[in-house]
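Me: I'm new to this structure and would like to learn how to read it. Could you walk me through a few features?

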Amino acid sequence: MRVTERAQNAVLHAKEVAGRLGYDRVGTEHLLLGLASEGEDVAARVLQEFGAGLLELREAVAAQYAAGVEPEPLPPDRGPPPWEPPAGARLRRVIPLAQEFPLPLGDQLVLSSLEFWSDWFDLRYGVVYATPEPEGELPRPAVLGGCEVSDRAGTAYTSPHSSSPNYGMVRVTQRVFVPAPPAGTDLLELRFRVPTWSEEAQIVTTVDLP
């Protein structure tokens with residue numbers, strides 16, 4: 001089965017919405033918001049016709065969270081287990097990055113640092129927004145998608161956990177990657193997805209590991 005580009009974008013938007021709201025998994029409410037964000041898609045038009053457009057759905061989800069409604073947890077046999085740092089973890093080194101990249105709407109991506117621990121590493125980066133926080137309880141539209149890390153050895157890095165504030169003109173994200181880079185790794189490539197309404201761009205940079 002071939003997944004269309006709009007379906008992929010809807011899932012991407014759903015993951016971003018879930019992350020901004022502080023959830024590590026995508027629920028049905030996030031998928032609905034992702035579908036509604038694809039304004040020219042058939043599903044988005046049907047939702048709009050039934051009075052469930054993007055604005056209405058955002059308000060409904062915000063009202064649910066304000067009322068303390070939590071999504072049902074995944075069954076034990078589905079989904080990854082929660083990530084927890086191992087006992088006795090040690091900080092090995094910190095590499096400052098201090099790199100800035102413009103985003104399509106005038107916002108700024110700022111790479112702060114890489115923190116290498118015994119069995120994993122943290123990437124810290126922030127988004128500096130060019131416009132004030134929207135009024136009300138609605139989240140900002142996503143200006144930055146996921147991040148992938150690679151090295152010359154082809155290590156399979158995964159990101160089991162990330163955290164960032166939901167509000168503010170500057171939002172700093174801490175993203176965990178496992179495993180730690182193998183001994184002898186001299187360079188990491190960081191690749192950020194930048195969602196736009198017309199296409200998905202990328203920001204790519206490399207970090208030398210002394």
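Me: Which residues of the largest nonpolar core touch the most other members?

Reply: In soluble globular proteins, nonpolar side chains tend to be buried together. In this predicted model, the largest nonpolar core has 26 residues, and Leu109, Leu114, Leu123 and Phe192 touch the most other members. Two or more residues of this core come from each of β1 (91–102), β2 (108–117), β3 (121–128), β4 (147–151), β7 (187–195) and β8 (200–208).

Me: What does Leu109 touch, leaving aside residues up to four places away in sequence?

Reply: Leu109 has contacts with Gln99, Glu100, Phe101, Leu103, Tyr125, Gly126, Leu144, Phe192 and Ile203. Phe192 is also one of the core residues that touch the most other members.

Me: Which residues form a nonpolar patch on the surface?

Reply: Look for Val128, Met169, Val170 and Val172, which together have about 300 Å² of accessible area. Val172 belongs to strand β6, residues 170–178.

Me: How many bridges join β6 to β3, and how many to β5?

Reply: β3 and β6 run antiparallel and are joined by 8 bridges; here Phe121 stands opposite Phe177. Strand β5 (residues 158–163) is also antiparallel to β6, with 4 bridges, and His161 stands opposite Val176.

Me: What lies between β5 and β6?

Reply: These two strands form a hairpin with 6 residues between them. In the turn, Gly168 has a positive phi of about 125°.

Definitions and conventions:
Residues numbered from 1 in each chain as written. Predicted model: local features only at pLDDT ≥ 70, side-chain atom pairs only at ≥ 80, totals over all residues. Heavy atoms only, no water. Core = buried A, V, L, I, M, F, W, Y, C linked by side-chain atoms within 4.5 Å. Buried < 20%, exposed > 50% of the residue type's maximum accessible area, 1.4 Å probe, protein only. Contact = heavy atoms within 4.5 Å. Patch = residues over 30% accessible without salt bridge, like charges linked within 9 Å, V, L, I, M, F, W, Y side chains within 5 Å. Areas by Shrake-Rupley, 256 points an atom, 1.4 Å probe, with all protein chains shown as cover. Salt bridge = Lys/Arg side-chain N within 4 Å of Asp/Glu carboxyl O. Pairing = 2+ DSSP bridges.
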